[in-house]
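Here is a briefing to read beside the model.

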Amino acid sequence: MGNKHIGRLAGLSILVASASMVQAQDSVFVGNLIDYTGPTAFVGKNYGPGIKDAVDWINANGGISGTQIEMEQVDYAYKVPEAIATYKRWKSRKKMVALQGWGTGDTEALISFVAKDKIPVWSASYSGHLTDPTGLNSKTEKPAPYNFFYGPSYSDACRAMVQWAADDAKAGGVESPRFVYLGDNHPYPNAPKEACSEYAAELGMDVLNPIVVPMKPGDFKAQCLTIKDSGANYAYIGNLGGSVVSLLKSCRTVGTEVKYMANIWGGDYRTIEAAEAVDYVFPSASPFWESDAPGMDRVREIHAQGSFDKSEKPTHHYIRAVCSVFYMKEAMEWAKQNGGMTGENIKQGMYAKKDWVPDGLEGVCLPSSWSETDHRGTTTVSINTGTAVDGKAVIKKIADVSLPQRDDWIGY
Amino acid sequence: MSTSSLRPCGDFRTTYKQDQYLFLTRWIGWAAALGLLVLLAAPLLLDAYLISLMILIGIYGIAALGLNIVVGMTGQISLGHAAFFGFGAFASAWINGTTGIPVFLSIPLAGVLTTAVGMLFGLPAARIKGLYLAMATLAAQFILEDFFARASWFTGGSSGSLAETVNLFGFLLDTDERYYYLVLFWVIVSYIAVANLKRTRDGRALIAVRDHYLSAEIMGINLTRYRVMAFGISSFFAGLGGALFGHYLGFVSAEGFTILLSIQFLAMIIIGGLGSVPGTLLGTAFIVLLPQVMQSLTSGLIGTFPGALSGLASGQAYIKEMSIGAAIILFLIFEPDGLAHRVGQIRKSIKLYPFSY
C-alpha cells in the first residue's frame with residue numbers, strides 16, 4: 001500500500017512536472033525597447049507601461065490561445081547601439097518572435113536586421129519611411145517589410161493638421177494663410193517636415209522657412225520673436241514634452257498670434273496643463289481616458305490590473321500602446337492557427353483582416369488595414385484642441401480628417 | 001607611467017633593431033598569436049549576441065584608439081570625437097552611393113575624408129590648448145551634428161542615409177559572423193599601426209609634445225605640425241570606425257553621434273589607460289559590456305528575489321547609467337592609469353613573485 005502510494009505520488013509529480021514543463025515551453029518571447037530615462041522619456045513613461053500592462057492582461061486572460069507572452073522591457077535611453085546589442089541578445093538568446101519598439105533612430109537602424117531575421121516590429125515611431133514595405137515609392141531609401149505601427153504616420157498626421165488649418169483659414173476668411181514648421185533639426189521632428197510642407201503648399205498655404213526649436217527645454221523667446229515677425233498663422237511643432245511646454249510659455253510672453261499645432265507625441269493633457277496652453281491643436285489616434293467608447297472598459301481594466309502608477313491618469317499614448325499590443329496579439333493568434341508563431345507568420349497575420357479593430361477595443365483603436373504593399377494602417381486622424389482651465393486640461397475633438405491613401409505618399 | 005619592460009634577467013638587447021621589437025618577449029608574441037587564433041575561432045564558439053558585442057567593441061575600439069592618439073599620446077583634448085565617428089559613417093555611405101566604389105574600399109576612403117575634416121577642425125590646436133581647445137573641439141561636435149541634419153546631399157538629412165552591405169567580390173558580409181572578420185581585420189591593422197606609430201620618430205615627437213611642449217619645441221619639433229597631425233590621424237581612425245559602424249547597421253542616422261558618445265569615447269580611453277594601445281581595447285570592452293552586465297545582473301537578481309527586489313525593477317535603468325558614472329569616478333580615484341596599468345601590475349607581480357622588489 002505504502003509503495004503504491006509512493007508510486008502514485010511519483011507518477012503524479014512527474015505528471016505535474018511534465019505539465020509545467022509543457023507550460024513553460026508554451027510561451028513566446030517578445031522584446032520591448034522603452035525609454036524612461038532618455039530624451040523621449042516624457043511620453044515613454046506612459047507608452048512603456050501601456051505595453052507591459054496590455055501584455056500582462058493578455059497573459060492573465062488565456063494568452064495567445066493558450067500561449068503565454070514572455071516579455072522583457074529594456075530601457076535603452078534612446079541609445080541606438082544599446083538597442084542593437086539588446087536586439088541581438090533577444091534574437092540569439094531568447095528566440096524572439098516579435099518586437100515592440102520605440103524611437104525613430106533605433107527603429108530605422110534595425111530595419112535591415114529585422115527584415116533579415118524576419119521579426120515583425122511594432123514601433124512607437126510613426127515615421128513615414130516605415131510605411132513602404134516593398135520600395136514602391138522611388139523616394140524610399142530602404143523598404144521596411146517587417147515594420148508596423150498603430151496610428152497615422154507622422155507625415156499623415158501633419159498633413160491632416162494642415163488640411164484642417166487650410167479649412168480653418170478658409171472659414172476665418174484668411175487668404176493664403178502662412179504656415180511655419182517648428183522643431184529641432186533631428187530625425188524625429190524632421191521626419192514629416194518635407195511631406196507636410198509640400199502638402200501645405202499644395203493646399204494653397206504660404207510655407208515659411210522652418211524655425212529650429214531645440215528638443216531640450218529652454219527659453220525660446222528668440223524663436224518666438226522670429227515666429228511673430230514671420231507673420232505666421234499656423235505653426236506646427238515637431239518636438240515633444242518639456243520643449244513644447246517651454247516654447248508655448250515663451251511665446252505667450254512674447255505674444256504671438258499663431259495657432260499652434262503639434263505632433264501626436266507633443267499633445268497630451270500633461271503638456272497642456274504644464275504649458276497652460278490655450279486652443280492648442282493636436283492629433284490623436286484613440287479616444288482620451290475619460291471617453292465612454294465601448295472598448296475603454298477593457299483599457300481601464302488593463303490599467304486597473306496593471307502595474308502602472310495609479311496616482312495619475314494615463315495619457316492617450318498609453319492607449320495607443322495597448323492598441324499596438326492587441327494588433328500584435330491578434331496577428332499572433334492568426335499565426336498560431338496558420339502554421340505557428342514565427343515572425344513570418346505573424347507578419348502574414350497582420351494582412352489577414354481588413355478594416356480591423358482588435359476584439360474588445362471597439363471605439364478605441366481605429367479600424368486599420370495593412371497589406372503586403374502598404375503599411376499605412378490608418379490615415380484617419382482626429383484633430384483636437386486643448387486648453388488649460390484652472391490648471392486642468394479641457395480637450396475637445398474638433399474634426400476627423402480622412403486622408404486619401406495616395407501612392408506618392410507611401411513611405412514619405 | 002609604468003615603462004618597465006618585464007624582460008627576463010640577462011636578456012640584453014645589443015642592437016637598435018632588437019630594441020624595437022613589437023612584442024617585448026617571445027612569450028608575449030606567442031600569447032598574441034594564441035589570442036589571435038581564439039579571436040579567429042570566436043564565431044564558431046560564441047552566439048550571435050556575444051559576436052555582436054565583440055563587433056561593437058571592435059568598432060568603438062578603433063575610434064577610441066584614434067582619440068587616444070590625440071588625448072593620450074599628444075596630451076590634447078577633443079570633445080568632438082563622436083562627430084568625426086559619424087562623419088566617417090556618412091562619408092562611406094556617400095562615397096559608395098554616389099561613385100559606386102565598393103564598400104570595402106569606401107570604408108578606408110571614408111577614413112581619409114574624415115582625416116581632412118579632422119585636420120580642419122584640429123587647426124585651432126595649433127594655437128590653443130587646454131580648456132580653450134576643449135571648447136573648440138566641442139564646437140566641431142555641434143557644427144558637424146548640425147551639418148548631418150542639414151546636408152541632405154551628403155547624409156540624406158534627417159531621414160538618414162542607407163549604407164550598403166559589404167560585398168567582397170560577390171561574397172556578402174551580411175551576417176554578424178561574417179562582418180566580425182572584417183571588423184577584426186581593421187582592429188588588427190589599426191592596433192598594429194598605432195603600436196608601431198608609437199615607436200617611430202613621429203610617434204616619439206607626439207609624446208614629447210605631450211610631456212613638455214616647450215622642451216619639444218626647443219628640440220626642434222614643429223608643434224603646429226604635430227598637433228594638427230595628431231588630429232588628422234585621430235580622425236582617420238574615428239572615420240574608419242564610423243564607416244564600419246554605418247555598414248554594420250546598414251543605416252546611418254544623425255541621432256547616434258551626439259556629445260554623449262564623445263564623452264563615452266573619453267571614458268573608454270581613461271578607463272583603458274591614456275596613451276596605452278592595448279588599454280584602449282580593454283577600456284572599450286569595459287564600457288560596452290558594463291551596461292549589458294548590469295542589465296543581466298539586475299534582471300537576474302530581480303528574477304531570483306521577485307518579492308524583495310520588485311522596487312528595483314523600475315530603477316534598473318538608473319542602476320545601469322549610474323554604474324557607468326560610478327565606474328568612471330572610481331577609476332579616476334583608484335586607477336588613474338587605467339586597466340592597462342593594472343594588467344601590467346598583475347603581470348609584474350606574477351613575474352616577481354615571491355620577491356616583489
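Does A:K118 count as buried, exposed or partly exposed at 37% relative accessibility? A:K118 counts as partly exposed, because its relative accessibility is 37% (buried is under 20% relative accessible area, exposed over 50%, partly exposed in between, with a 1.4 Å probe and protein chains only).

This is a predicted model, in which local features need pLDDT of at least 70, side-chain atom pairs count only at pLDDT 80 or more, and totals for chains, interfaces and linings use all residues. Residues are numbered from 1 along each chain as written, chains are lettered from A and ligands numbered from 1 in the order written, and side-chain values use heavy atoms, without hydrogens or water.

**Chain B as a whole**

- Chain B has 15 helices and four strands (DSSP runs numbered from the N terminus; helices are H or I with at least four residues, strands are E with at least two).
- The radius of gyration of chain B is 21 Å, which agrees with the value near 21 Å for a compact globule of 357 residues (taken over C-alpha atoms; the rule is 2.2 Å times the number of residues to the power 0.38).
- Along the principal axes, the C-alpha atoms of chain B fill a box of roughly 60 × 60 × 45 Å.
- Of the 357 residues in chain B, 49% count as buried.
- Take the contacts in chain B between residues at least 6 apart in sequence: 75% of them join residues at least 24 apart (contact means heavy atoms within 4.5 Å).

**The five-stranded sheet of chain A**

- Chain A holds an open sheet of five strands in the order 2-1-3-4-5, with parallel pairing (two strands pair if DSSP finds at least two bridges between them).
- Strand 2 (68-75) and strand 5 (147-148) of chain A stand at the edges with a single partner strand each, so one side of each has no neighbour in the sheet.
- Strand 1 (residues 27-34) and strand 3 of chain A pair in the parallel sense over four bridges. A:F29 has A:M96 in strand 3 as its bridge partner.
- Strand 3 and strand 4 (residues 121-122) of chain A run parallel and are joined by two bridges.
- Two bridges also link strand 4 of chain A to strand 5, again parallel. Here A:V121 stands opposite A:N147.

**Strand 3 and A:Q100**

- Strand 3 (residues 96-100) of chain A is mostly covered, with five of its five residues buried.
- A:Q100 lies in this strand 3. A:Q100 counts as buried because its relative accessibility is 0%.
- A:Q100 stands opposite A:W122 in strand 4 of chain A.
- Leaving out residues up to four places away in sequence, A:Q100 touches several others, including A:V30, A:N32, A:I51, A:S324 and A:M328.

**Two residues with positive phi**

- Most residues other than glycine have a negative phi.
- A:K118 is not a glycine, yet has a positive phi of about 55°. A:K118 lies in the loop between helix 4 (104-117) and strand 4 of chain A.
- A:D390 is not a glycine either, and has a positive phi of about 50°. The loop that holds A:D390 runs between strand 12 (380-389) and strand 13 (392-402) of chain A.
- A:D390 counts as exposed because its relative accessibility is 78%.
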